[in-house]
Amino acid sequence: MKVSIKVNGQNYTRDIEERTLLVHFLREQAGLTGTHIGCETSLCGACTVLLNGNAVKSCTVLAASADGTEVTTVEGLAKGNELHPIQEGFWEKHGLQCGFCTPGFLMATVQLLERNPNPTEDEIRHGLEGNYCRCTGYHNIVKAVQFAAAKMRGEAIAAD
Amino acid sequence: MYPAKFTYHAPWSVEEAITLMNENEDSKLIAGGHSLLPTMKMRLATPAHLIDMKNLRSLLSYIHDKGDHIAIGSLTTYHQIESSSLVKQAAAILAQTVSEVGDMQVRNMGTLGGSIAHADPAGDPPAAILASNATMVIQSSGGERTVAASDFFQGFFETAVGAGEILKEIRVPKFSGGSSYQKFKHPASGYAVAGVAVCLTKNGGNIGGVSVSVTGVSDGAYRANGVEAALTGQAFSEALAASAAAHAIDGIDALEDPFADAAYRGQLAKTLAKRAIIAAWNNA
């Protein structure tokens with residue numbers, strides 16, 4: 001079947017098998033391998049992307065169901081060489097170790113901060129409960145999100 | 001992991017979806033897909049035809065104030081429900097219960113109708129549907145019918161929704177008493193190892209009406225009639241909550257799995273029932 005999905009502003013029209021999952025469409029058809037495949041069972045969150053603005057686990061969405069939608073992947077966050085404030089937060093606060101889970105955390109954080117620009121630590125941990133970091137680097141991930149939230153609110157960021 | 005091959009359909013009306021179901025015996029409807037797709041990837045479900053309801057969203061995704069009840073379209077997502085001020089105010093048990101499903105990403109995709117039509121014995125929403133005495137509106141080629149929550153859940157992944165039928169709407173009576181859903185999450189999957197929903201009204205220091213439902217413990221969610229009988233009309237105390245909660249698994253063969261044996265699961269249900277009764281009383 002033919003499917004058209006706009007990914008990071010660019011249209012991708014591809015002839016695919018009906019059972020193709022969105023994450024495979026993004027990686028193999030669109031060539032955007034920033035979105036990772038982790039557990040494949042909708043638990044780990046590594047494959048999180050924005051589908052029409054909503055954070056979803058792209059291993060549990062059929063590409064066919066996403067026909068005609070707009071998807072944002074981690075490749076769509078930065079503006080040229082300028083990192084998105086969330087990416088900057090993960091950089092500044094060392095919010096990653098091996099980095100495998102990071103694209104999913106970044107995309108989930110986009111949604112979290114859009115719904116709650118000034119989350120408490122508990123709200124950050126609850127909001128990101130659908131993303132697993134098997135290096136267990138959660139403390140710095142929370143700090144990275146707090147950094148990004150402050151920056152996106154336009155506040156001065158205190159140095160460490 | 002890929003699902004087995006299937007033929008994909010995306011109808012533009014409920015009638016067209018029903019026709020597709022009637023023409024293709026081995027078919028499944030898919031809404032948010034967060035129950036069905038994982039099952040298909042494990043090859044536990046291998047429908048020959050998949051009927052995607054994505055084009056029916058504008059039709060079946062809504063939360064309407066109908067005076068004495070709230071009408072919720074079957075394709076309404078958990079996120080829409082948990083963030084609805086109407087549901088939070090007039091059907092708090094449903095708002096709280098769906099806020100405990102999965103995680104943010106799952107609640108963005110998962111739908112109330114999809115979940116209860118799937119009827120996973122460890123799903124959270126059936127508990128709220130039973131405790132709130134909701135009514136389900138089901139459509140077939142012969143027209144619409146309504147089914148009470150008490151007749152809807154019929155066991156392991158079984159509901160009153162038959163072949164060639166679509167769950168269209170969930171009608172949740174408005175309720176201004178106290179309510180609480182208490183859940184013990186499986187630490188990996190987030191599903192309910194046991195979950196108990198309680199809705200009750202106060203009559204001075206006594207409990208007025210009360211409904212108690214349990215999920216995760218049996219082959220389907222059920223009303224805990226023994227707990228309700230032990231509470232109705234009685235003066236509230238924590239001791240009463242504990243003695244009533246002890247009836248949470250009366251007549252039930254609790255499920256067993258490698259994580260929780262029957263005795264543990266049953267004890268969880270009783271403990272959660274007690275907590276839910278006390279919490280519901282305190283916010284009534």
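Student: Which residues does Glu228(B) touch, not counting residues up to four places away in sequence?
Tutor: This is a predicted model. In it, Glu228(B) touches Val210(B), Ser211(B), Val212(B) and Arg223(B), with residues up to four places away in sequence left out of the list.

Student: And where is Glu228(B) found?
Tutor: Glu228(B) belongs to helix 11 of chain B, which covers residues 225-231.

Student: Is Glu228(B) buried or exposed?
Tutor: Glu228(B) is buried, since its relative accessible area is 9% and the cut-off for buried is under 20%.

Student: Let us turn to salt bridges. How many are there over all chains?
Tutor: The count over all chains is 15 salt bridges. As background, side chains of opposite charge can pair when their charged atoms come close.

Student: What does Glu121(A) form a salt bridge with?
Tutor: Its partner is Arg125(A), and the closest N and O atoms of the two are 2.9 Å apart. Both residues lie in helix 4 of chain A (residues 121-127), and because they are 4 residues apart there, about one helical turn separates them. Glu121(A) is partly exposed at 39% relative accessible area, and Arg125(A) is partly exposed at 31%.

Student: What about Arg153(A)?
Tutor: Arg153(A) forms a salt bridge with Glu155(A), with 2.8 Å between the closest N and O atoms. Arg153(A) is partly exposed, with a relative accessibility of 31%, and Glu155(A) is partly exposed as well, with 40%.

Student: Which residue does Arg265(B) meet in a salt bridge?
Tutor: Arg265(B) meets Asp257(B), at 2.9 Å from N to O. Here Arg265(B) is buried, at 4% relative accessibility, whereas Asp257(B) is partly exposed, at 32%.

Student: Which residues are linked in a network of salt bridges?
Tutor: The network links Glu129(A), Glu82(B), Arg107(B) and Lys185(B).

Student: That brings in both chains. How many residues of each are in contact?
Tutor: On the side of chain B there are 30 residues in contact with 36 residues of chain A. The two chains bury about 2600 Å² between them, and 57% of that area is on carbon and sulfur atoms.

Student: Which three residues of chain B supply more of its buried area than any other three?
Tutor: They are Tyr2(B), Met104(B) and Gln105(B), which supply 24% of the area that chain B buries against chain A.

Student: How many salt bridges and polar contacts are there between the chains?
Tutor: There are 3 salt bridges between chain B and chain A. One salt bridge joins Lys57(A) and Asp103(B), whose side chains meet at 2.6 Å from N to O.

Student: Now the aromatic rings. How many aromatic pairs are there?
Tutor: The count is 5 aromatic pairs over all chains. One of them is Phe105(A) with Tyr138(A): their ring centres are 6.4 Å apart and their planes stand at 65°, so the pair is edge-to-face.

Student: Where do Phe105(A) and Tyr138(A) lie?
Tutor: Phe105(A) lies in helix 3 (residues 102-115) and Tyr138(A) in helix 5 (residues 138-152), both of chain A, so the pair ties together parts 33 residues apart in sequence. Phe105(A) is buried, with a relative accessible area of 1%, while Tyr138(A) is partly exposed, with 25%.

Student: One last topic: what is the phi of Arg43(B)?
Tutor: Phi of Arg43(B) is near 65°, a positive value in a residue other than glycine. For context, most residues other than glycine have a negative phi. Arg43(B) is in the loop between helix 2 and strand 3 of chain B, and is partly exposed at 44% relative accessibility.

Student: And what about Ala119(B)?
Tutor: Ala119(B) has a positive phi of about 55°, although it is not a glycine. Ala119(B) is placed in the loop between helix 8 (112-118) and helix 9 (125-131) of chain B, and is buried, with a relative accessible area of 5%.

Terms used
Residues are numbered from 1 along each chain as its sequence is written. Chains are lettered from A and ligands numbered from 1 in the order in which they are written. This is a predicted model: local features need pLDDT of at least 70, side-chain atom pairs count only at pLDDT 80 or more; totals for chains, interfaces and linings use all residues. Side-chain values use heavy atoms; hydrogens and water are left out. Rings of Phe, Tyr and Trp (its six-membered ring) pair if their centres lie within 6.5 Å; planes under 30 degrees apart count as stacked, over 60 as edge-to-face and the rest as tilted. Helices (H or I, at least four residues) and strands (E, at least two) are DSSP runs, numbered from the N terminus. Buried means under 20% relative accessible area, exposed over 50%, partly exposed in between (1.4 Å probe, protein chains only). Contact means heavy atoms within 4.5 Å. Buried area is the accessible area (1.4 Å probe) that two parts lose on being put together, summed over both. A salt bridge is a side-chain nitrogen of Lys or Arg within 4 Å of a carboxyl oxygen of Asp or Glu.
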